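Reader: I would like to learn how to read a structure feature by feature. Shall we take loops, a ligand site and a helix in turn?

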Amino acid sequence: MKFPKDFMWGVSLAAHQCEGSFEGDGKGRGISEREQFHNPMSDFYHRYPEDIEMLSQLGIHAFRMSINWSRIYPDPWGEANQIGISYYRDLLTKLKEKNIKPIVTLSHYEMPYLISRINGFVSKESIDLFMKYVRTCFENFGDLVEYWLTFNELNCEHMPGHNKMNGIISSENHLEWDYAALNNKLVCSALATKLLHEMYPDSRMGNMIGYFPIYPQTCNPKDFLKMMQKTNLLHHICLEVQCNGEYPYFAWSYFKENGIDIHVTEEQKQILKEGTVDFISMSYYCSNVVTYKYDLERRSGNQIGGIDNEFLEKNDWGWTIDPEGLRIVLNDCYQRYKMPIIIVENGLGAYDTKEEDGSIHDTYRIEYFHDHLSQLAKAVVEDGVDVFGYCLWSAIDIVSVSANTISKRYGLIYVDADDDGKGTFDRFRKDSYYYYQKVIATNGEAI
Ligand code: BG6
């Protein structure tokens, strides 16, 4: 199947999972770097010219990346770090030289550690701090970036237990904190969108949603109702606000039922109305199953909870592999919001073996991409969903967020490093690299 002529084929990375160099060159500590992750991660901070060269040979049109806020503002109340600004400017310039369009996430699960002083995004002060950072990014990189994304997987960040992603270091969990932080981030997202449109009218802002289908366990209407409620809560609060500019009725009912005050002001409601995004971006990895009999809880076999799906295979970490789910979510999302969509993450975490000659035969990953891209093609070509791009996860091996190891590998390019942060850090192309190279060269015909 042939994809539309201008379809953007790309790859993705996130700064805090690949850069390394936590300290030095003026960078401040990031919130996810305190106990987590071995330096130097994939050492992208030093090796990005080599990586961009290899990615350019892959033939990509787009590179989805993120900026590390704590590299730009080591202290969010202080001065901008010029070395950090030069670093990202150079990276973006190199992409431009290779004719690769960057898609830049402003906040991918990362922020300066010091923001925890004010309990992170729970505090309204975080909005000013974030917007100061956003303005600096637009002023310094805006001429090199046409596509921006606000917060990575914003809908996942308000799930209980994700304190750090909101800049909260306390181990206490408060539902009201989760939603007050979400509201402040939604306001940041709207303000960033408005600012981008003022400064660069031709540039475009997208949101980013971790979109996984939730299936009812049976055809019992009670299971269906449960599925609908979970889907609304997990996916559609963020999408409704970011695409349509206001909280949906089911959000207000949920807040009321749970005694949650999100502290939204009338002025903020107006900002949300005025700052809707230009396109939807999403990650897609797996699906979940729910039943009315018990609540969505974390169980082995699924990414974020739910119960086992006997019809699906799983990866070594228990994430379901569900290519058809991708076609389902694309149709569902387009039908509801009628906005252009780009997939900015989709990939398989797996253990890889590097042979003595440096080859990596990751046939399982090729099969995963083949199956998912086939469903993507059906959604685009047969169903007519307006998807304008696909950036797979990930360009090079990175440190996994949930497993906290590099041995849960996602990359098309192997990074010679182990879970203790040791190795040569040399790069090797996997078989999946050559597969994706053909897919791009044929605009999807070689899927
Ligand atoms: C997405 C995140 O949820 O999933 C990425 O945006 C992450 O940052 C990816 O790496 C894969 O998940 P994990 O936990 O295996 O790294």
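Reader: In which loop does Met-41 lie?

Author: First, the ground rules. This is a predicted model, where local features need pLDDT of at least 70, side-chain atom pairs count only at pLDDT 80 or more, and totals for chains, interfaces and linings use all residues. Residues are numbered from 1 along each chain as its sequence is written, and side-chain values use heavy atoms, leaving out hydrogens and water. Helices (H or I, at least four residues) and strands (E, at least two) are DSSP runs, numbered from the N terminus. Met-41 lies in the loop between helix 1 and helix 2. Its phi is positive, about 50 degrees, although Met-41 is not a glycine.

Reader: Is Met-41 buried or exposed?

Author: Buried means under 20% relative accessible area, exposed over 50%, and partly exposed in between (1.4 Å probe, protein chains only). Met-41 has 3%, so it is buried. Ser-21 is in the loop between helix 1 and helix 2 (44-58). Phi of Ser-21 is near 50 degrees, a positive value in a non-glycine residue. Ser-21 counts as buried at 13% relative accessibility.

Reader: What surrounds the ligand?

Author: A residue is near a molecule if one of its heavy atoms lies within 4 Å of it. Here 14 residues surround the ligand, and the closest are Gln-17, Glu-153, Val-401, Ser-402 and Tyr-410.

Reader: Which side chains have a polar atom by a ligand oxygen atom?

Author: A polar contact is a pair of N or O atoms within 3.5 Å. A polar side-chain atom of Gln-17 lies 2.6 Å from a ligand oxygen atom. For Asn-152 the distance is 2.9 Å. An N or O atom in the side chain of Ser-400 is 3.2 Å from a ligand oxygen atom. The protein covers 96% of the 380 Å² of accessible area that the ligand has on its own (Shrake-Rupley method, 1.4 Å probe).

Reader: Which residues of helix 10 are buried?

Author: In helix 10 (residues 266-274), they are Gln-268, Ile-271 and Leu-272. They cover an arc of only 100 degrees around the axis, so they sit on the same side of helix 10. The arc is taken from the directions from the helix axis to the C-beta atoms. Glu-266 and Glu-267, on the other side of helix 10, are exposed.

Reader: What do the buried residues of helix 10 pack against?

Author: Contact means heavy atoms within 4.5 Å. The buried residues of helix 10 pack against helix 5 (125-141), helix 7 (175-199) and helix 8 (221-244).

Definitions and conventions: A polar contact is a pair of N or O atoms within 3.5 Å; within protein, one must be able to donate a hydrogen and the other to accept it, and residues adjacent in sequence count only if both atoms are side-chain atoms.
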